[in-house]
Amino acid sequence: MAERATGLGLVNRRGVAAKEKFGTIVEDAPNVNHVSGSGAGSTPTSSGDGSVANGEPGTFGYKIQEFDSASSLGSLADKVAEFVTPERTPEKTPHRAVGLLFWACTAELWRRLLGWYFLPFGLYFASLVHPAFSPSAHRTMRGQHASQVGLVVMIYAFLLSALLVYPNYFLFCAHPWVRAGFIGYITWYVFVDYATPESGGRFLPWTRRLPFWNKLADYFPVRLHKSCDLDPAGNYLFGYHPHGIIGVGALITFATNATGFEQAFPGLDLRLLTLAINFMFPFTREVLMALGINSVTRASVQKNLTRAPGASVAIVVGGAAEALDARPGWAVLTLARRKGFVKMALKTGASLVPVFAFGENDIFEQMDNPEGSPLRRFQLWMKQLIGVTPPAFYGRSLSGGVLRRMFRSGKGPMPKRESIEVVVGHPIPCPKIAEPTLRQIDEYHALYLSSLKELYDTHRRLFHKLKRAGSHDDLHARVSKMKEIKFS
């Protein structure tokens, strides 16, 4: 057992120190960890190596255990959310063939830009990702892990290619006619198609069911739990907490079907909302919209909540500011003064649904950036400049990778294998009010905070840092050693 303080706090960054029923309101604290959770909890250590429980990917070991009424979880047996078993599309040869063709073309673009200097990098990349294309990888646990690692490496490579390779190739190396077409495409989406990311357009539902999302979800793994069914005729605004470094759980839960969201809430037409700047990059904007990801502007929220019955949105409420406080074992929420999402729910009559992801903060470490430090000032300056905060984060290196062999360090860019348990709470019905008053907004904001706190308190003992030992352990014995989290 490793002693670590755990806690849930709210951050108020506007200069007003306050306390609410939800927990601690942090006001520009020199070290936010000292005030976010005053109670120390004895929690099991986490290996981070991907060992979950015996069974097939996508299963959940803890839910098969019966609750003992004499245990510390007995009183919560009726309140704990139900694990959602996803219905997954099996991977077939055409899926692997298309993936191989895509990466062969991308590798050729890299080679044309870098010349033969790309060869060693290309060979190393191929050695890492080839298990993801192997039909026999799923037969052993080692093969499954290698396949999942290859998928994560491919996502990093795609992001680098989308930011650096594709634009540079089409602008400087492509045929003049192709270059003209690329410039025309950029001109079109900047001046003509700029509003599409706010309207839910160009959504291709089949992209959410592609098999490779399953491998990405199983890498951590990410799993979904629902507290109740939702009326498919209603409109819902899901508030996701915490942000983490990059919101992995939100992406996999709301923009793919790897966790079974479509089966859990049939009839809902949901859009995950993100920063508008993400739609300024060519090609990646098309991928985002195909997955049903839209911009998080006021117009986008209103349009996507009023499109039709069942139209819903998911917002990572804490945003970039909350990412700066994302550290393993902590859930410091930037939420005390964030009430715009509540106002939009009231204006559209959508129900508020709190969502808490246990483990979202655990997959990356972050360099110390206390308030007032040079790093924190630089991050806040970048946020004001471009709307994005660059966290100085790191995860793990591959066990046989170059970084570990060269520097003898376990630190690297790969996310840790820590499960992310996404728990969807009960909806909070909101009346439709054309112009809600501050008092009404505060009332429903308080209801939301109370519901989120209840969701956290109900599930924290089950999920918080209890995720890696596997179902063969005695869950009740481990839970009994955890202390209560105190809120001052």
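**Reading the side-chain contacts**

Modeller: A search of the whole structure, which is a predicted model, finds 21 salt bridges.

Colleague: Which residue forms a salt bridge with D218, and how far apart are the closest N and O atoms?

Modeller: A salt bridge is read from a side-chain nitrogen of Lys or Arg and a carboxyl oxygen of Asp or Glu, which must lie within 4 Å. Here the partner of D218 is R88, with the closest N and O atoms 2.8 Å apart.

Colleague: Is D218 buried or exposed?

Modeller: Buried means under 20% relative accessible area. D218 has a relative accessible area of 12% and is therefore buried. R88, with 25%, is partly exposed.

Colleague: What meets the side chain of R285 in a salt bridge?

Modeller: The side chain of D193 does, at 3.0 Å from N to O. This pair also links distant parts of the chain, with R285 in helix α9 and D193 in the loop between α5 and α6, 92 residues apart. R285 counts as buried at 1% relative accessibility, and D193 counts as buried at 7%.

Colleague: Where do K347 and E435 lie?

Modeller: K347 is in helix α12 (residues 340-348), while E435 is in the loop between β17 (420-424) and α15 (438-463), 88 residues apart. They form a salt bridge whose closest N and O atoms are 3.5 Å apart. K347 is buried, with a relative accessible area of 17%, whereas E435 is exposed, with 58%.

Colleague: Which residues do salt bridges that share partners join into one network?

Modeller: The network consists of D193, R202, R285 and E286.

Colleague: How many aromatic pairs does a search of the whole structure find?

Modeller: The search finds 28 aromatic pairs. A pair of aromatic rings is described by the distance of the centres and the angle of the planes. Planes under 30 degrees apart count as stacked. The rings of Y185 and F283 have centres 5.6 Å apart and planes at 20 degrees, so they are stacked. Since Y185 lies in helix α5 and F283 in the loop between β9 and α9, the pair ties together parts that are 98 residues apart in sequence. Y185 is buried, at 16% relative accessible area, and F283 is partly exposed, at 28%.

Colleague: What is the angle between the planes of F261 and F265?

Modeller: The angle is 55 degrees, with 5.1 Å from centre to centre, and this aromatic pair is tilted. F261 counts as buried at 6% relative accessibility, and F265 is buried with 1%.

Colleague: Which residues do ring pairs link into a cluster?

Modeller: The cluster includes Y185 and F283, together with F102, W103, F125, F158, Y166, Y169, F170, F182, W188 and Y189.

Colleague: Which residues form the nonpolar patch on the surface?

Modeller: The patch is formed by L160, L163, L164, W188, V190, F191, V192, M280 and F281, with about 870 Å² of accessible area together. The elements giving two or more residues to this nonpolar patch are α4 (141-173) and α5 (176-191). M280 is found in the loop between β9 (269-274) and α9 (284-290); M280 is partly exposed, with a relative accessible area of 49%.

Technical notes
Residues are numbered from 1 along each chain as its sequence is written. This is a predicted model: local features need pLDDT of at least 70, side-chain atom pairs count only at pLDDT 80 or more; totals for chains, interfaces and linings use all residues. Side-chain values use heavy atoms; hydrogens and water are left out. Patches are made of residues with over 30% relative accessible area and no salt bridge: like charges are joined within 9 Å, nonpolar side chains (Val, Leu, Ile, Met, Phe, Trp, Tyr) within 5 Å. Accessible areas come from the Shrake-Rupley method with a 1.4 Å probe; for residues, only the protein chains shown count as cover. Helices (H or I, at least four residues) and strands (E, at least two) are DSSP runs, numbered from the N terminus. Buried means under 20% relative accessible area, exposed over 50%, partly exposed in between (1.4 Å probe, protein chains only). Rings of Phe, Tyr and Trp (its six-membered ring) pair if their centres lie within 6.5 Å; planes under 30 degrees apart count as stacked, over 60 as edge-to-face and the rest as tilted.
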